[in-house]
Amino acid sequence: MSKRAAAAAEHLPQRSLLRLLGVMLLVIVPHLLRLPTWEAALVLAISIWRAAAALRHWRMPHPLIKVALTLAVFAGVFATYGRVWGQNAGVALLVVMLSLKLTELRERRDVMVTVFLLYFLLVTHFLYSQEIWTIAYLLISTITITAVLIDVHHDGEARPARMVLRLAGTLVLQSLPLMLLMFVLFPRLPGPLWTLPDDAGTSRSGLGDTMSPGDISHLALSDEIAFRVRFIDPAPAEADRYWRGPLLTDFDGLTWRASQRLARAPVPEAQLQGPAFRYEITLEPTRQNWLFALDLPVATQLPERTRLTAEYQLVATEPVRELRRYAVVSQPRYRLQTQLPDALHDAALALPPRANPRAQALARQWRAAARNDMDVVRAALTLFHNAPYAYTLAPPSLGRSDADRIDAFLFNTRSGYCEHYAGAFTFLMRAAGIPARVVTGYAGGQKNPFGDWYVLRQADAHAWSEVWVADQGWVRVDPTSAVSPDRVDRSLSEARAYRDNAPARLGELDWSALRYRLESSWDWIDARWNGMVLGYGTDQQREFLSRIGLGDWQSMLLALTGSITLLLTVLGVALMRRAAPAPLDAALQSWQRGLRPLQKLGFQQRPDEGARDFVQRVLITRPDLAEPLQRLLTAYLRVRYESDTAAMQELEAAARNITRPP
């Protein structure tokens, strides 16, 4: 083949290029929503330009232009993310470099590189989401990429898109049994194969290790799931369902923060009382180390790879970058740290100098009139209940001065969310000489009517306080519960009423009941997906396979190897049988038996040659064979095309009479 002919054979057809562009946009669309605006615009612009270039036969850009674009992209990604590695920066760089590949896309081998980049890019979607819809989207994308691979290897007239997609779908479906075997039997390792970057994992909104006015209220109407809880024992009362999270001790006048000074302090002693509750939590990824547990977790029965801090907060040894399931035992009745160390005592009384003088004066007034610390606590709760304080998602501004924001809330706006009340209450307690701190976490939880678990959503995020009382230790106080119900924001009360009353309306036909049923049904599906697929880790695999005698790695690998070998053998035999020629019928067998003597004479029937034409060609050279050949041909045509079964014996006799003449 000449060089020109080879180049023509390698030239990329216009239809294949346009199909490739469409598939590429399908794969990168979710990433475009996460990329910076300049990069998303650049990717779309290059795609549109390449489609126009294919339709109008424009020339590709000069190599210097491509080099300049590449350097500019590297600089842009570095300027945006501060690096060119890691999850977000790496994916951003991969997407834009894939689009730059379009500027040199001319031949079939360029498509091969692009297709394999698309397969690789497809996997990066799992870094951001592992929901069911993501799997469905990736399956569709895999089929379309495979269709492009099939299409680009087809010469001649364009195949219909439906035919190519059907073939690609068949190939992907044929690979599913192998995928399932690998998923079930391939040994799960207890740790990652490599160190993940610090931005790895899905990004979710939720609680942080700081708290400022507005940080929790913006979560109040969010339906995003924080975690699910399945109680092994009967669930505690709703008033006891406080899910302990980050504890905040340091305060600078605006923001409450976790204390770094207490990071290495010893774990305090807790006197646990009352019934114990066993439960299992399935926590959504947070990229944080802290876990949540029912107040108060039992220190002697902690999950693996976890510990308790000096403030009795449950934390993991590594950030939670993927779905995590862990079992905990808690006892809601307790006395925690009845002897308070000096360092913690001082940290729990610290206040910014000269901050909020009116609040401090009010606290000193309560202190002077109180007989004990609990009298001061009751005075603060009475203030929130009797005075016109409102519980709202949209409180007015507290002003620009960080030093007087507590005063602004207590004496001016008197409207806020749980972080306002918890922060102000804790400040008042410290000003009155009572050690206090802020606790953030979640409260309550709603049981799924189709399952045996409770769902905690971001809307359940909450903040409360703990005060230290002599001989009692740390006592939980929820100041927001003191606000009169008639002063709760209408949108917030309606949202809570919907969630609280929806289970009782399951049998009704109104929109609220239908919405609740759909949400609960989807939550049931999502929970099963999390438990059976995303939660299929080392422990779950060992427990499942041990039921069939495959509890160790050697047995798993042996079963995996044997299963794959058996599967491939069955598939190979099926393909060989499919490719094997169809068995000959009796008439054709007799015909070919009669032609064997002629093969020795040098006469071979060609594949495109009919029986009559073959006999005529033989008789030109060997007219002496006219009688037996005509008898064989006549009997064969009668049996073959006239369905004359009586002529079958004549055909067999004629086949036996064809002999090589002397």
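## Confidence

The model is predicted. Its mean pLDDT is 82, and 87% of the residues of the protein reach 70 or more. Over residues 1-10, however, the pLDDT is below 50, and this stretch has five contacts in the model beyond near neighbours in sequence.

A further stretch, residues 490-495, also has pLDDT under 50. For residues 490-495 the model has seven contacts beyond four places in sequence.

## Helices H2 and H5

Two packed helices are described by the angle between their axes and the distance between the axes. Helix H2 spans residues 14-32 and helix H5 spans residues 87-100. Their axes come within 11 Å and cross at roughly 150°. Angles over 145 degrees count as roughly antiparallel, and H2 is therefore roughly antiparallel to H5. The crossing of H2 with H5 is left-handed.

Which residues of H2 and H5 meet? From H2 come Met24, Ile28 and His31, and from H5 come Val91, Val95 and Leu98. By class, five of the residues in this contact between H2 and H5 are nonpolar, one is polar and none is charged.

## Helices H4 and H5

H5 also packs with helix H4, which covers residues 63-81. The axes of H4 and H5 come within 10 Å and cross at roughly 160°. H4 and H5 are therefore roughly antiparallel to each other. H4 passes H5 in a right-handed crossing, whereas H2 passes H5 in a left-handed one.

On the H4 side, the contact is made by Leu69, Thr70, Val73, Phe74, Val77 and Tyr81. On the H5 side, it is made by Asn88, Ala89, Ala92, Leu93, Val96, Met97 and Leu100. The contact of H4 with H5 has 11 nonpolar residues, two polar residues and no charged residues.

## The sheet

Strand S5 consists of residues 256-257. S1 and S5 run antiparallel and are joined by two bridges. Within this part of the sheet, Met211 stands opposite Trp256 in S5.

Terms used:
Residues numbered from 1 in each chain as written. Predicted model: local features only at pLDDT ≥ 70, side-chain atom pairs only at ≥ 80, totals over all residues. Heavy atoms only, no water. pLDDT = per-residue confidence, 0-100. Contact = heavy atoms within 4.5 Å. Axes fitted to C-alpha atoms, helices over the stretch in contact; angles between N-to-C directions. Helix = DSSP H or I, 4+ residues; strand = E, 2+ residues; numbered from the N terminus. Parallel < 35°, antiparallel > 145°, perpendicular 65-115°, else oblique. Left-handed = near helix turned anticlockwise from the far one by under 90°. Nonpolar A, V, L, I, M, F, W, Y, C, P; charged D, E, K, R; others polar. Pairing = 2+ DSSP bridges.
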